[in-house]
Amino acid sequence: RPGLQIDGPVQADVAFDEEMLAENFPFADLKKRPNLLIFPNLDAGNITFRLVRHMTNANYIGPVIFGLAKSVNLLPRGSEVTNIINLAAISSVDAQGDK
């Protein structure tokens, strides 16, 4: 996807603050808040996921773990129906690539 804009790594406080982003990364093409967060490990992702879920109205999918022989999709305890459907769709598309 040549048109996909990617920039990073950027710490979360900078990524979510447009003024800090412009100040610290004036060379970055991205000028808006991020819509995808990538974490170094499952623990960091779970901690942030739970905080964001309770503090905002953000939509979430996952966690999805990449980098293994096959991707892993996890349904956290108490997952909402929307998240189950989204992960099922991701798993279905991912499985088609394994032919």
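Trainee: Where does valine 52 lie?
Mentor: Valine 52 sits in helix 3. Keep in mind that this is a predicted model.

Trainee: Why is valine 52 called partly exposed?
Mentor: Its relative accessibility is 32%. Buried means under 20%, and exposed means over 50%. The value for valine 52 falls in between, so the residue counts as partly exposed.

Trainee: What makes Ile47, Leu51, Val52 and Met55 a patch?
Mentor: They form a nonpolar patch on the surface. Nonpolar side chains are joined within 5 Å, and each residue needs over 30% relative accessible area and no salt bridge. Together the four have about 410 Å² of accessible area.

Trainee: How do you know that methionine 55 is exposed?
Mentor: Methionine 55 belongs to helix 3, which covers residues 42-55. Its relative accessible area is 67%. The cut-off is over 50%, so methionine 55 is exposed.

Trainee: Why does asparagine 83 count as buried?
Mentor: Asparagine 83 has 2% relative accessibility.

Trainee: Which residues does asparagine 83 contact, leaving aside its neighbours within four places in sequence?
Mentor: They are Tyr60, Ile61, Gly62, Leu75 and Pro76. Contact means heavy atoms within 4.5 Å.

Trainee: Is proline 2 buried or exposed?
Mentor: Proline 2 has a relative accessible area of 89%. That is over 50%, so proline 2 is exposed. Its place is in the segment before helix 1. From proline 2 to asparagine 83, the C-alpha atoms are separated by 28 Å. Along the chain, these two are 81 residues apart.

Trainee: How many aromatic pairs does a search of the whole structure find?
Mentor: It finds one. The pair is phenylalanine 25 and phenylalanine 27, with ring centres 5.6 Å apart and planes at 70 degrees.

Trainee: What makes that pair edge-to-face?
Mentor: Take two steps. Ring centres must lie within 6.5 Å, and 5.6 Å passes. Planes over 60 degrees apart count as edge-to-face, so 70 degrees settles the label. Phenylalanine 27 also counts as exposed, because its relative accessibility is 59% and the cut-off is over 50%.

Trainee: Where is aspartate 29, and why is it called exposed?
Mentor: Aspartate 29 lies in the loop between helix 2 and helix 3. Its relative accessible area is 61%, over the 50% limit, so aspartate 29 is exposed. Leaving aside its neighbours within four places in sequence, aspartate 29 is in contact with Gln5 and Asp7.

Trainee: What is the order of elements in the protein?
Mentor: From the N terminus on, they run α-α-α-β-β-α. That gives four helices and two strands. Of the 99 residues, 14% are buried.

Trainee: Where is confidence lowest, and where is it highest?
Mentor: Strand 1, residues 64-65, is lowest, with a mean pLDDT of 74. Helix 2, residues 18-24, is highest, at 88. The protein averages 80, and 98% of the residues score at least 70.

Note on methods
Residues are numbered from 1 along each chain as its sequence is written. Side-chain values use heavy atoms; hydrogens and water are left out. Buried means under 20% relative accessible area, exposed over 50%, partly exposed in between (1.4 Å probe, protein chains only). Patches are made of residues with over 30% relative accessible area and no salt bridge: like charges are joined within 9 Å, nonpolar side chains (Val, Leu, Ile, Met, Phe, Trp, Tyr) within 5 Å. Accessible areas come from the Shrake-Rupley method with a 1.4 Å probe; for residues, only the protein chains shown count as cover. A salt bridge is a side-chain nitrogen of Lys or Arg within 4 Å of a carboxyl oxygen of Asp or Glu. Rings of Phe, Tyr and Trp (its six-membered ring) pair if their centres lie within 6.5 Å; planes under 30 degrees apart count as stacked, over 60 as edge-to-face and the rest as tilted. pLDDT is the predictor's confidence in each residue, from 0 to 100.
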